[in-house]
Amino acid sequence: MYTKTLTAIALALGLTTSVSAADVELSLAHWVPGTHPLQTLGMEPWIKSINEASDGRINITIYPAQQLGAAADHYDMARDGIADISFINPGYQPGRFPIMAAAELPFNFANAKGGVRALTEWYKQYAEEEMSDVYFCMAITHDPGTMHGKEKILVPDDVKGKTVRPANATEARFVNLLGGASVQVPAPAMREALAKGTADVTQSPWESLYIFGADSLVKHHLDMPFYASINAFVINKGVLENMSDEDRQVMEDHCTPEWSEKMAAGWADAEAAGRQKIIDLGGHELHKPNDEEMKLWREAAAPMAEKWKEAAAKTGIDTDAALASLKDTLKKYDSLLEE
């Protein structure tokens, strides 16, 4: 929320006393706990850098854990000015962002750090078309996630008949393709879904099982990089338009592929460390597919690309070129999961 300046107030009152420019006070809303590494290792250093680059003029207050609204509403919250900056998961609104959904396809991301840098660079060319009512700042994702269940999951047939809490709409379609049933709830609700028996399986990166309290409910883990749940930071357009040129440039300088990698790095490392934590604590089984089993997964996922093309073609983009460009950009940053 962009505050009135002391100068404007003084002018309105006809005062001639010299006053300094006031701060720009912004809100940042997200839906993970305030202790989440994305906040402590990502957002907080980003905010500090913005404050320093603006010589203290831009101040950002964080509102974590759905304080300003539900997880699925964060895009509209930024659009409508309920929050100035929002952390969003486009996949929580199925069908609304079909271009960005290309990054949700299974077996794309080998790692998060180069992956988000690639994704931010790639999506900048489409953002004004697909997210035109906000300013797209940067894409964010976690270290690649996988499936965690109450029973063993090793091959695609093991999903048949299971109820799965998927990470996003694309993964929900994949679950259905495999013969499972999807129960779409955001990450903060995964524990409840598992505890109540609404879900037998959840998709999640490793450390998030602990962050959201699901680690005691799922003892079997598919041990392979499976998917990335794509997130982003978006900014209310009016906020940027009302800034001085200098302050707007500071914000734009912090919405780059380089900054997306910095923002994601701590979260990526924390999620990756969660796998070793599960091993060290014991009581869990990790099931790693061999080459033949991995081939089954890739063959099962192959139709998902065609389904994405059908949906994204309605936007008018060249879907073949877009998907090839995404893979090329991931490869450029050593983050494409090779076959």
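**Pockets, cavities and links in a predicted model**

The largest pocket has a volume of about 300 Å³. It is lined by 15 residues, and Pro106, Phe107, Arg298, Lys327 and Glu339 are the closest to its centre. The search runs on a 1 Å grid over the protein atoms alone: a pocket is an open set of points with protein on both sides within 12 Å along at least five of seven lines, a cavity is a set of points where a 1.4 Å probe fits but cannot get out, and lining residues have an atom within 4 Å of a point. Grid points are joined across faces, edges and corners, and the volume is the space filled by probe spheres set on the points.

The model is a predicted one, in which local features need pLDDT of at least 70 and side-chain atom pairs count only at pLDDT 80 or more, while totals for chains, interfaces and linings use all residues. Residues are numbered from 1 along each chain as its sequence is written, and side-chain values use heavy atoms, with hydrogens and water left out.

Back at the largest pocket, helix H11 (291-312) and helix H12 (319-332) each supply at least two residues of the lining. H11 gives the most, with five residues. Helices (H or I, at least four residues) and strands (E, at least two) are DSSP runs, numbered from the N terminus. Sorted by class, the lining of the largest pocket holds ten nonpolar, one polar and four charged residues. In this sorting Ala, Val, Leu, Ile, Met, Phe, Trp, Tyr, Cys and Pro count as nonpolar, Asp, Glu, Lys and Arg as charged, and the others, Gly among them, as polar.

The second largest pocket has a volume of about 200 Å³. Of its 16 lining residues, Gly95, Pro98, Ala101, Thr170 and Arg173 are the closest to the centre. Helix H5 (169-177) and H11 each contribute at least two residues to this lining, which by class has eight nonpolar, four polar and four charged residues.

The structure holds two cavities of 30 Å³ or more. The largest cavity has a volume of about 160 Å³ and is lined by 20 residues, with Tyr92, His142, Ala187, Pro205 and Ser229 nearest its centre. Its lining comprises eleven nonpolar, eight polar and one charged residues. The second largest cavity, with a volume of about 50 Å³, has a lining that includes Ala71, His74, Ile88, Tyr92 and Phe97. That lining divides into seven nonpolar, three polar and no charged residues.

Which cysteines are joined by a disulfide? A search of the whole structure finds one disulfide, a term for a pair of cysteine sulfur atoms within 2.5 Å. It joins Cys137 to Cys255, with an S to S distance of 2.1 Å. The link is left-handed, with -95° about the S-S bond. Cys137 lies in strand S4 (residues 135-140) and Cys255 in the loop between helix H9 (245-253) and helix H10 (257-281), so the pair ties together parts that are 118 residues apart in sequence. Both Cys137 and Cys255 are buried; buried means under 20% relative accessible area, exposed over 50%, and partly exposed in between (1.4 Å probe, protein chains only).

Salt bridges were searched for as well, each being a side-chain nitrogen of Lys or Arg within 4 Å of a carboxyl oxygen of Asp or Glu. The whole structure has 18 salt bridges. In one of them, the closest N and O atoms of Glu128 and Lys237 are 3.2 Å apart. This pair links distant parts of the chain, with Glu128 in helix H4 (residues 113-130) and Lys237 in helix H8 (residues 237-241), 109 residues apart. Glu128 is exposed at 52% relative accessible area, whereas Lys237 is partly exposed at 26%. Another salt bridge brings together Arg248 and Asp245 (2.5 Å, N to O). Both residues lie in helix H9, three residues apart, about one turn of the helix. Salt bridges that share partners also join Asp55, Arg57, Glu246 and Asp247 into one network.

Finally, the backbone deserves a look. Most residues other than glycine have a negative phi. Asp55, however, has a positive phi near 55° and lies in the loop between helix H2 (37-53) and strand S2 (58-63). Asp55 is exposed, with a relative accessible area of 64%. Gln66 has a positive phi too, of about 65°, and sits in the loop between S2 and helix H3 (74-80). Gln66 is partly exposed, at 30% relative accessible area.
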